[in-house]
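Hi everyone, thanks for coming. Today I'd like to walk you through one structure, a few contacts at a time. Have a look at it first, and then we'll start.

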Amino acid sequence: MIDLIERIFTIKTEEAFNKCALDVFAFQREHVPVYQSYLSLVNRPTPTHYSEIPHLPISFFKSHDIIVANKKEQIRFLSSGTTGMERSKHPVADVSLYERSFLPTYEHFVGPLNEQIVFALLPNYVEQGNSSLIYMVEKLIAASNNELSGFYLTDFNALEQAITLGKKAGKKCVLFGVSYALLDFAELKPDLQGVTIIETGGMKGRRKEMTKEELHTALCNGFNVSTIASEYGMCELLSQAYSDAEGCFELPNWMRFSLREVNDPFARVASGKTGGVNIIDLANIYSCSFIETQDLGRNIAGKLKLMGRFDQSDIRGCNLLVS
């Protein structure tokens, strides 16, 4: 297993990814009871390429603990959501794999942490607890090793003052924020020119839902910035993707996405069409690496463009109106 984990985090080629994915599939088929039961029900042919591996519907994370048999959880992450909504759960057997995934991914897409100040505007995640996002941002804040880095909840005045001090110090300032809290902050018209703003999550029932384009336009106008970045992640996985200037998500080498037909989970969509997003996250080796999400997306030059959510999905982090 140690050898397979090392291979996962050193993937450089499509061939290496395919070999690792098939090995992870074989391991999880044998050792993850819920996935094993699901595979027996769908009765698909044994895959010879990762594109043929069946993906587990994400709803199973609400009704079952998805974890390797005889493994004990080190930590349990719960999804965010509105009050009263059933939350997905992810018992994590080895949290060090999460750190090994998110730290290099963040630095690859956002930059070196020792040159940054990391601010967090994530009040509902803090309030609800058991958040994989909070766990990650806490580690990013600690790695930045700056006294200004931290969680500011809804203290917008203190946050604006800290960002001003950070900019004067010549550090790269990064602000993580849940969408509704960023909109609340943007209404105060703080000048965040030069700040990297990473929105994550959605309105959480606090504001009317908006398309990603509407949200980013409002934030750009409020903060006096030209672009807003996004982070795409979920409690059920152990890796994230970050968006580029065009709003398309780039994935680390141990992740892949594919698009399925809305009414046939085993059929792939035609090029240029919108489909349901399937995610492979090989870092999630002690749970299930092959997840059928409820997000809608398109493949734009090999990058993931989110288009919305399935109509019957719960409202959650990346909920958008279908455009």
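This is a predicted model: local features need pLDDT of at least 70, side-chain atom pairs count only at pLDDT 80 or more; totals for chains, interfaces and linings use all residues.

What does Lys139 meet? Its side chain forms a salt bridge with the side chain of Glu99, at 3.8 Å from N to O. A salt bridge here needs the nitrogen and the oxygen within 4 Å. Where do the two partners sit? Glu99 is in helix H5, while Lys139 is in helix H7, residues 132-144. They are 40 residues apart, so this pair links distant parts of the chain. Glu99 is partly exposed too, with a relative accessible area of 23%.

In general, side chains of opposite charge can pair when their charged atoms come close. How many salt bridges does a search of the whole structure find? The answer is 14.

Let me show you another one. Arg100 forms a salt bridge with Glu6, and their closest N and O atoms are 2.9 Å apart.

Next comes Arg76, which forms a salt bridge with Asp65; here the closest N and O atoms are 2.8 Å apart. Arg76 lies in strand E2, residues 75-78, and Asp65 is in the loop between helix H4 and E2, so the pair ties together parts that are eleven residues apart in sequence. Arg76 is partly exposed, with a relative accessible area of 23%, and Asp65 is partly exposed, with 36%.

Salt bridges can also join up into a network, and this one links Asp3, Arg7, Lys19 and Asp23.

Now let's turn to helices. Helix H2, residues 14-31, packs against helix H3, residues 33-42, at an angle of about 95 degrees, and their axes are 6 Å apart. H2 and H3 are therefore roughly perpendicular to each other. Which residues make the contact? From H2 they are Phe25, Gln28, Arg29, Glu30 and His31, and from H3 they are Pro33, Tyr35, Gln36 and Leu39. Sorted by class, that contact has four nonpolar, three polar and two charged residues.

On the H8 side we find Phe156, Leu159, Glu160 and Ile163, and they meet Ala181, Asp184 and Phe185 of H9. What classes do we get in this contact? Five residues are nonpolar, none is polar and two are charged.

Finally, a pair of strands. Strand E14, residues 290-300, pairs with E15 in the antiparallel sense, over six bridges. Asn299 stands opposite Leu304 in E15. Two residues lie between the strands of this hairpin, and Ala301 takes a positive phi near 55 degrees there. Is strand E15 mostly covered or mostly open? E15, residues 303-309, is mostly covered, with five of its seven residues buried.

Conventions:
Residues are numbered from 1 along each chain as its sequence is written. Side-chain values use heavy atoms; hydrogens and water are left out. Contact means heavy atoms within 4.5 Å. Helices (H or I, at least four residues) and strands (E, at least two) are DSSP runs, numbered from the N terminus. Ala, Val, Leu, Ile, Met, Phe, Trp, Tyr, Cys and Pro count as nonpolar, Asp, Glu, Lys and Arg as charged, and the others, Gly among them, as polar. Axes are lines fitted to C-alpha atoms, for helices over the stretch in contact, and angles run from 0 to 180 degrees between N-to-C directions. Angles under 35 degrees count as roughly parallel, over 145 as roughly antiparallel, 65 to 115 as roughly perpendicular and the rest as oblique. Buried means under 20% relative accessible area, exposed over 50%, partly exposed in between (1.4 Å probe, protein chains only). Two strands pair if DSSP finds at least two bridges between them.
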